[in-house]
Amino acid sequence: MSDVAAALAAGQDPDFVSVDSRSTEAWDQGHVPGAVHLPTALVREQAGQLLDRSVPVVTYCWGPGCNGAARAGRERRTPDPLTTPAGAGDCGC
């Protein structure tokens, strides 16, 4: 992900599209500028309409607290409010 962050920080038009797979509530709190919002539950239904097959896709959620990573860890941390709805236990993926 460091290469993705560097490309976005450079302010140049990236050669990929960022897809935020979190819930609408999480998206509304904040997201990567220029990202496409496509909640996990809607990928099959909407990906063909929202994404160009010729452009690489980089998906993101809120990180180590999401899905399997949270269940595999021994310690559960409080989610960052920029990545998951305030007061929610997960990102809604």
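These are my notebook entries on a predicted model of one protein chain.

**Ground rules.** I number residues from 1 along each chain as its sequence is written, and my side-chain values use heavy atoms, with hydrogens and water left out. As the model is predicted, I ask for pLDDT of at least 70 for local features and count side-chain atom pairs only at pLDDT 80 or more, while totals for chains, interfaces and linings use all residues.

**Overall layout.** I looked up the secondary structure first. I find four helices and three strands, taking DSSP runs of H or I with at least four residues as helices and of E with at least two as strands, numbered from the N terminus. Along the sequence I read α-β-α-β-α-β-α. Among contacts (heavy atoms within 4.5 Å) with a separation of 6 or more, 52% join residues 24 or more positions apart.

**The sheet.** I then turned to the strands. They form an open sheet in the order S2-S1-S3, with parallel pairing; a pair needs at least two DSSP bridges. S2 (36-37) and S3 (57-60) are at the edges with a single partner strand each, so one side of each has no neighbour in the sheet. S1 (residues 17-20) runs parallel to S2 and is joined to it by two bridges. I note Asp-20 opposite His-37 of S2.

**The core.** Which residues make up the largest nonpolar core? I list six: Val-17, Val-19, Val-36, Leu-38, Ala-47 and Leu-51. Here a core is a set of buried Ala, Val, Leu, Ile, Met, Phe, Trp, Tyr and Cys residues joined through side-chain atoms within 4.5 Å. Setting aside neighbours within four places in sequence, I see Leu-51 touching Val-17, Val-19, Val-36, Leu-38 and Val-57.

**The charged pair.** How many salt bridges does the structure hold? I find one, using a side-chain nitrogen of Lys or Arg within 4 Å of a carboxyl oxygen of Asp or Glu. Arg-22 and Asp-20 form a salt bridge, with their closest N and O atoms 2.6 Å apart.

My last stop was Ser-23, in the loop between S1 and helix H2 (24-29). Ser-23 is buried, with 16% relative accessibility. A polar atom of the Ser-23 side chain lies 3.2 Å from the backbone nitrogen of Ala-26.

Key
Buried < 20%, exposed > 50% of the residue type's maximum accessible area, 1.4 Å probe, protein only. Polar contact = N/O pair within 3.5 Å; in protein donor to acceptor, adjacent residues only side chain to side chain.
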